[in-house]
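Here are my notes on the model you sent over.

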Amino acid sequence: MLKKIYATTALLLASGLLLPVHAQTVDDEAEKEWKELALQLPAAPEASNMVSFYDSGSQSFAIDSTSITITSDGIIRYSLIAVSSNGAKNVSYEGIRCATYEKKLYAFGRPDGSWSRSRRNQWDNISGLSANKQHSTLFNDYFCEGNSIAGKVSVIVDRIKRHQIIKPY
């Protein structure tokens, strides 16, 4: 009888119909316990600190290398500069969570160098399907290895400056 129960359980686990209870509990607890740290906005980006990392054809994207921070809650925060082919420039302060493949917009840059906080306080899934793949490029090529942060800030900045992408598994 026990052999039959073990065989049935193994079959259900292999088919994905039954997940180990311990794994579900640990994942649920980790997500419930996660708290985002308070936000501190950086100084306005300076042209001398901008490093280009992606061009969609209609927009080019750069990151302010001095704005990149890794917080103890597992977020990589950075200032993003988007310039359209017509010359329109947008600046934003954003975050990426490698653990969940998500991004968050914290603030918009104003022409005077100040910030306007985003009214949207929500994490969104990163999409690589649109023409502008700046977030998926940062996630996959420079910031994250799987669901972990790919090194210290200095390593990430160097990788972006050298356009040295993370090699896939």
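1. **Ground rules.** This is a predicted model, so to speak of local features we need pLDDT of at least 70, side-chain atom pairs count only at pLDDT 80 or more, and totals for chains, interfaces and linings use all residues. Residues are numbered from 1 along each chain as its sequence is written, and side-chain values use heavy atoms, with hydrogens and water left out.

2. **Overall layout.** The chain has four helices and 10 strands; here helices (H or I, at least four residues) and strands (E, at least two) are DSSP runs, numbered from the N terminus. Read from the N terminus, the order is α-α-β-β-β-β-β-β-β-β-α-β-β-α. Of the 169 residues, 33% are buried, where buried means under 20% relative accessible area, exposed over 50%, and partly exposed in between (1.4 Å probe, protein chains only). Among contacts with a separation of 6 or more, 45% are between residues 24 or more positions apart, a contact being heavy atoms within 4.5 Å.

3. **Strand β5.** I'd start with this one. Seven of the nine residues of β5 (residues 89–97) are buried, so the rest of the structure largely encloses this strand.

4. **Hairpins and their turns.** β4 and β5 form a hairpin with four residues between them, and Gly87 in the turn has a positive phi of about 100°. The β5 and β6 hairpin also has four residues between its strands. What is the phi of Tyr101 in that turn? The value is positive, about 55°, although Tyr101 is not a glycine. Tyr101 counts as partly exposed because its relative accessibility is 28%. The β1 and β2 hairpin has three residues between the strands, with Gly57 at a positive phi near 100°. Five bridges join this antiparallel pair, and Ser52 stands opposite Ala62.

5. **Helix α3 and the cores.** Eight of the 10 residues of α3 (residues 134–143) are buried, among them Leu138, Phe139 and Phe143. The largest nonpolar core has 21 residues, and those with the most contacts inside it are Phe53, Ile63, Tyr78, Ile96, Leu138, Phe143 and Ile160. By nonpolar core I mean a set of buried Ala, Val, Leu, Ile, Met, Phe, Trp, Tyr and Cys residues joined through side-chain atoms within 4.5 Å. β1 (50–55), β2 (59–64), β4, α3 and α4 (153–161) each give two or more residues to this core. Not counting residues up to four places away in sequence, Leu138 touches Phe53, Ile63, Tyr78, Ile96, Phe143 and Cys144. A second, separate core of 10 residues includes Leu39, Ala62, Tyr106 and Trp123.

6. **The largest pocket.** About 350 Å³ of space lies in this pocket. A pocket is an open set of points on a 1 Å grid over the protein atoms alone, where a 1.4 Å probe fits, with protein on both sides within 12 Å along at least five of seven lines; lining residues have an atom within 4 Å of a point. Of the 21 lining residues, Leu80, Asn90, Val91, Ser92 and Gly109 are the closest to the centre. β5 gives the largest share of the lining, five residues.

7. Asn49, in the loop between α2 (21–33) and β1, counts as buried because its relative accessibility is 19%. Beyond residues up to four places away in sequence, Asn49 touches Ile63, Asp64, Ser65 and Thr66. Arg117 is in β7 (residues 115–117), and its C-alpha atom is 5.9 Å from that of Tyr106, 11 residues apart along the chain. His163, in the segment after α4, has a positive phi near 50° without being a glycine, and is partly exposed at 46% relative accessible area.

Technical notes. Pairing = 2+ DSSP bridges. Points joined across faces, edges and corners; volume = space filled by probe spheres on them.
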